[in-house]
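Welcome! Please keep the sequence and the 3D view at hand as you read.

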Amino acid sequence: MEVIKAIEAKGLVKKYKGLTAVDALDLTVQKGELFALLGVNGAGKTTTIKMLSCLTAPTEGDAFINGFSIVSDAAKVKQRIGVSPQETAVAPNLTVKENLALMCGIHGFSKEKRGQKTEELSRQFGLMDIMGKRAGKLSGGWQRRLSIAMALISEPELLFLDEPTLGLDVLARSDLWDVIRSLKGRITIILTTHYMEEAEALSDRIGIMKDGRLLVLGTADELKKKAGTDRFEEAFVAIIRNSNTEELV
Ligand code: ATP
């Protein structure tokens with residue numbers, strides 16, 4: 001069976017003055033896969049997502065999103081992706097409905113399509129009862145839910161979720177997991193998180209980064225086996241701690 005590549009990164013490098021934030025990253029993500037990128041603070045996860053979503057240009061290397069280069073075809077890449085960034089992307093003074101309408105406007109939708117899309121997403125994300133509320137007054141979990149709905153307005157082929165449940169309480173996190181699970185398989189998702197149980201519960205495969213390099217890549221079960229433990233958090237710690245060797249991916 002032919003594997004359809006949603007992402008193919010080849011030797012991706014990002015340097016900031018003297019610092020190499022991402023160091024020769026090679027990565028392939030299949031279409032429809034939910035791929036989680038893990039790592040300690042400063043590992044290079046956000047920088048990777050920013051390059052793959054054309055928010056910052058790589059210093060070296062290239063990556064192909066459904067076949068389009070992030071270096072030479074950024075406009076085509078941007079048409080195919082949605083991003084729910086770490087910083088909240090909602091306009092706080094606009095209502096939920098206005099935020100959704102704003103995104104529809106940015107994508108140049110007709111009035112009819114705007115109504116249709118707003119209705120569809122508000123139903124899918126359970127936003128119907130809060131459409132008239134100012135986004136800035138919503139709890140963190142609901143703001144994040146709205147942010148993901150906004151990222152899906154353009155019907156992207158690939159969705160980037162940068163720490164989608166950061167700082168949320170257990171219930172809000174569990175609700176958001178349900179939202180993410182409902183998208184699984186229908187769209188390729190790249191997720192970054194510091195919550196090990198989140199990566200384990202949601203992803204098909206996991207990559208662990210440290211100092212800009214990808215240390216290991218595999219399913220949660222494969223990584224646990226590799227580290228000789230049946231607890232994923234222990235596996236993560238062991239992989240990071242034992243990563244001074246040159247044994248990479
Ligand atoms: P976190 O989990 O804390 O969000 P991360 O894995 O997402 O971390 P990045 O934000 O990608 O890591 O940062 C990787 C490295 O690059 C860090 O050392 C960071 O300080 C540095 N860095 C990131 N953005 C910039 C920038 N615009 N200018 C200079 N250095 C930067």
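S243 counts as buried, because its relative accessibility is 13% and the cut-off for buried is under 20%. Please keep in mind that this is a predicted model.

**Around S243 and helix 9**

- S243 sits in the segment that follows helix 9, which covers residues 232-241.
- A polar atom of the S243 side chain is 2.6 Å from the backbone oxygen of I240.
- Not counting residues up to four places away in sequence, S243 touches K210 and L215.
- A238 belongs to helix 9 itself.
- A238 and A227 are eleven residues apart in sequence, and their C-alpha atoms are 6.4 Å apart in space.

- L214 is found in strand 10, residues 213-218.
- With a relative accessible area of 9%, L214 is buried.
- L214 and L159 are separated by 55 residues in sequence and by 21 Å in space, C-alpha to C-alpha.
- D211 is located in the loop that links strand 9 (205-210) and strand 10.
- D211 is exposed, with a relative accessible area of 56%, because exposed means over 50%.

- As background, most residues other than glycine have a negative phi.
- D211 is not a glycine, yet it has a positive phi of about 45°.
- N66 has a phi near 45°, again a positive value in a residue other than glycine.
- Where is N66? N66 lies in the loop between strand 4 (60-65) and strand 5 (68-69).

**I190 in strand 8**

- I190 is part of strand 8, which runs over residues 188-192.
- I190 counts as buried, with a relative accessibility of 2%.
- I190 and F35 are 155 residues apart along the chain, while their C-alpha atoms are separated by 4.9 Å.
- Leaving aside neighbours within four places in sequence, I190 is in contact with I7, V29, F35, I49, L158, L159, F160 and L161.

- Why is helix 5 described as largely enclosed by the rest of the structure? Ten of its twelve residues are buried, so the helix is largely enclosed.
- The buried residues of helix 5 are G141, Q143, R144, R145, L146, S147, I148, A149, M150 and A151.
- Those buried residues pack against strand 6 (81-84), helix 3 (96-106), helix 4 (111-124), strand 7 (158-162) and helix 6 (170-183).
- S84 is a residue of strand 6.
- S84 is buried, with a relative accessible area of 0%.
- The side chains of S84 and S147 make a polar contact at 2.7 Å.
- Setting aside neighbours within four places in sequence, S84 is in contact with R144, S147, I148, A151, F160, L161 and D162.

**The ligand and its shell**

- How many residues surround the ligand? There are 14 residues around the ligand, and the closest are G42, K45, T46, T47 and H194.
- By type, the residues of the shell divide into five nonpolar, seven polar and two charged.
- An N or O atom in the side chain of N41 is 2.9 Å from an oxygen atom of the ligand.
- G42 places a backbone N or O atom 2.8 Å from an oxygen atom of the ligand.
- K45 has a polar side-chain atom that lies 2.8 Å from an oxygen atom of the ligand.
- Taken alone, the ligand exposes 640 Å², and the protein buries 61% of that.
- Strand 2 (19-30) and helix 1 (45-52) are the elements that give two or more residues to the shell.
- Helix 1 gives the most to the shell, with three residues.

Definitions and conventions: Residues are numbered from 1 along each chain as its sequence is written. This is a predicted model: local features need pLDDT of at least 70, side-chain atom pairs count only at pLDDT 80 or more; totals for chains, interfaces and linings use all residues. Side-chain values use heavy atoms; hydrogens and water are left out. A residue is near a molecule or strand if one of its heavy atoms lies within 4 Å of it. A polar contact is a pair of N or O atoms within 3.5 Å; within protein, one must be able to donate a hydrogen and the other to accept it, and residues adjacent in sequence count only if both atoms are side-chain atoms. Accessible areas come from the Shrake-Rupley method with a 1.4 Å probe; for residues, only the protein chains shown count as cover. Helices (H or I, at least four residues) and strands (E, at least two) are DSSP runs, numbered from the N terminus. Ala, Val, Leu, Ile, Met, Phe, Trp, Tyr, Cys and Pro count as nonpolar, Asp, Glu, Lys and Arg as charged, and the others, Gly among them, as polar. Buried means under 20% relative accessible area, exposed over 50%, partly exposed in between (1.4 Å probe, protein chains only). Contact means heavy atoms within 4.5 Å.
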